[in-house]
Amino acid sequence: MNTILFIDDGPDAFPLLRCLMHLPMFTVAAIHSKTAKISDFAAEHNIDLVDEQSCKQYDFTIIQRHTKIDKTEDNVWSYEEVWAVISAEFSKQSLMQKAIDSIDDGVIIVKADYTVMYLNDAAAEMADVNRQESVGQAIQSLLPTSGLPRVIERQQPEYNQLQTFTNGTKIVTTRMPLSTKGNITGAIAVFKDVTEARQMAEQITDLNRMREMLEAIINSSNDAISVVDEYGVGLLINPAYKKITGLTEEQVIGKPATTDISEGESIHMQVLQTQRPVRGARLKLGPAKRDVIVNVAPIMVDKKLKGSIGVIHDVSELNSLMGELKQAKKKIASLESHYTFQDILGQSSGIQHAIAQGKLGANTALPILLLGETGTGKELFAHAIHYESERRHQPFVRVNCAALTETLLESELFGYEQGAFSGALRTGKKGLFEEAGEGSIFLDEVGEMSLQTQAKLLRVLQESEVVRVGGTKPIKIKARVIAATNVDLQLFMSIKRFREDLYYRLNTLPIYIPPLRERIEDIPILALRLIEKINEDYGRNIRNLSEYALAQLQQYTWPGNIRELENVLAREMIYKNLGETEIDFVAHADISMLKPGSAPKVDRTKPEKLEQFLAEQERGFLLETLAHVDYVKTEAAKRLGISVRSLYYKLEKYGIE
């Protein structure tokens, strides 16, 4: 009996070791192996595991594939020699056959004449052949792809060779010649089925390729992309994300989803909580607080939440371009009309009557006089009237008569000749009446004109011609005049502040635009439209008003009309967090004190005469404005949009000190 030190250095080591355990002529005393499978086998059978240095201390018979240890040749057996001994023992020991039959690896032994001497159950199953019928057959006819004949001819072993049986099974096989006393007696093949492993490897390769392709697609996207797991921990970002936020992978990967947010709430966390996508959310990301729009969707695998993916659009540059576009539009705005009657919202009888009058007047060439308090939308009506008329493709010129001094207003309206005054252009300049061509000219705050300018305007209306400042030649004009005022022109006439003849020229088709307090029922639709506009201007995402907030707005008297309503809504929206979508309470000082249902109803009983009504309203508005600014008259004039001189006149007129 030989005491053996078995050295694991070949793919067929484990099946060989299992066979040795059943041969009485050998006793395995120690094993040198680095594989877990053989190490577990040694522990199971109480066999010592030794390292390479310890191998030299044992005076045992060594079984190994190659001679690596300095021992005498008589003490070293190769795997081939041991397999030959096992082959010779088959006819003698049925126990050995049972041992080989029990292993998972396929084993085929052929004689020197290439006939099959033995194959185990695993080999028969893999090759899809009948075990009993196969014994005695030539290996070439049984398995045409077998390399055992070649091994016998060359007397050289072959290791880890890939082979495919006719049934499609793929194996990795080791083939070795068998010899006794130097004579070739046959060959043995030990092999494993790697069909499933190969398929898995191909699938893994395909998955890796798909993963690489997806990463390439994500990395090539101009939109920033971030992915988090189901706990909100960063998994992946692309170069566009790093460019927008200024953050590195080390600062994001493995960190909470809130790491990159400088203003706003984490949309990733919101989606993970609700498992619903969120689109169009506004945030500011990174140290530079880049303004972005975020679309985030949950990642579901087999109906289980595995994380979320966010696509981020940088709108900072877009906002900059939009700002430039707005500036360009402002330059063109004086020559264009861009509002129609469809932009005038409201179903109240007063506003519908004004719209009907405006449409009627649009189809005539008569001057139109728009009457109404400040902030009621007189300029909007002027735009709509121009657009409704046949002049819509001609220029629409706007002039604020209260914003210019007397001299400057004359030169702007009527133009001037070269050298007309110091600082004048050498070439002279067309007036706005000439610039309007066959379009419309809108004279806002016409009641603030000086009497001298009123006289020149009267000539324009009577003669349809202008004379430039410093000139003598009349120039024909075809523009239609639309005038607007928030003062009582009849009262102005009585105190010689406004010419009667000009008044009757302008008052051919007067249109009264009701204040907001007379059209409370229009507040809901007006508020929602203003909210849309403010969202665009300030990058908010407010969608609606609560019933309580709406009731608050409807209880207020709105001395500043729609302009004040817009300012109140803008203030409320600016103070909201970026993620909020509703105004639930109006915190304006004058409005928040009102409880829905508790405020007194607004008395809409009008005086008998329009001039009396307008005078009362104007005096009340002046007092309210002065109270708001602690009676600082320069600030009051600025708020009212009139000159300080005009303000003092109004204070004297209404006996306000």
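Which helices and strands cover the buried residues of helix 15? The views below take up this and other parts of a predicted model, in which local features need pLDDT of at least 70, side-chain atom pairs count only at pLDDT 80 or more, and totals for chains, interfaces and linings use all residues. Residues are numbered from 1 along each chain as its sequence is written, and side-chain values use heavy atoms, with hydrogens and water left out.

**View 1. Helix 15 and its cover.** Helix 15 spans residues 378-388; helices (H or I, at least four residues) and strands (E, at least two) are DSSP runs numbered from the N terminus. Its buried residues are Lys378, Phe381, Ala382, His383, Ala384, Ile385 and His386. Buried means under 20% relative accessible area, exposed over 50%, and partly exposed in between (1.4 Å probe, protein chains only). The cover includes helix 14 (349-362), strand 17 (368-371), strand 18 (396-400), strand 21 (440-444), strand 24 (480-485) and strand 25 (509-512).

**View 2. Helix 21 and its neighbours.** The 16 residues of helix 21 (523-538) reach 21 Å from first C-alpha to last, close to the expected 22 Å, which is 1.5 Å times one less than the number of residues. Ile523, Leu526, Ala527, Leu530, Ile531, Ile534 and Asn535 are buried in this helix. An α-helix has 3.6 residues a turn, so residues three or four places apart point the same way. The buried residues of helix 21 pack against strand 26 (544-545), helix 22 (547-555), helix 23 (561-574) and strand 27 (582-583). Just after the helix, Gly539 has a positive phi of about 65°.

View 3. Ile523 counts as buried because its relative accessibility is 0%. Leaving out residues up to four places away in sequence, Ile523 touches Leu516, Leu550, Leu553, Gln554 and Trp558; contact means heavy atoms within 4.5 Å. Between Ile523 and Leu553 there are 7.5 Å in space, C-alpha to C-alpha, although they are 30 residues apart in sequence.

**View 4. Strand 16 and its two partners.** Two strands pair if DSSP finds at least two bridges between them. Strand 16 (residues 304-314) pairs with strand 11 (residues 224-229) in the antiparallel sense over six bridges, and Ile225 stands opposite Val311. Strand 15 (residues 290-301) also pairs with strand 16 in the antiparallel sense, over ten bridges. Here Val301 has Lys304 as its bridge partner. Strands 15 and 16 form a hairpin with two residues between them, and Asp302 in the turn has a positive phi of about 50°.
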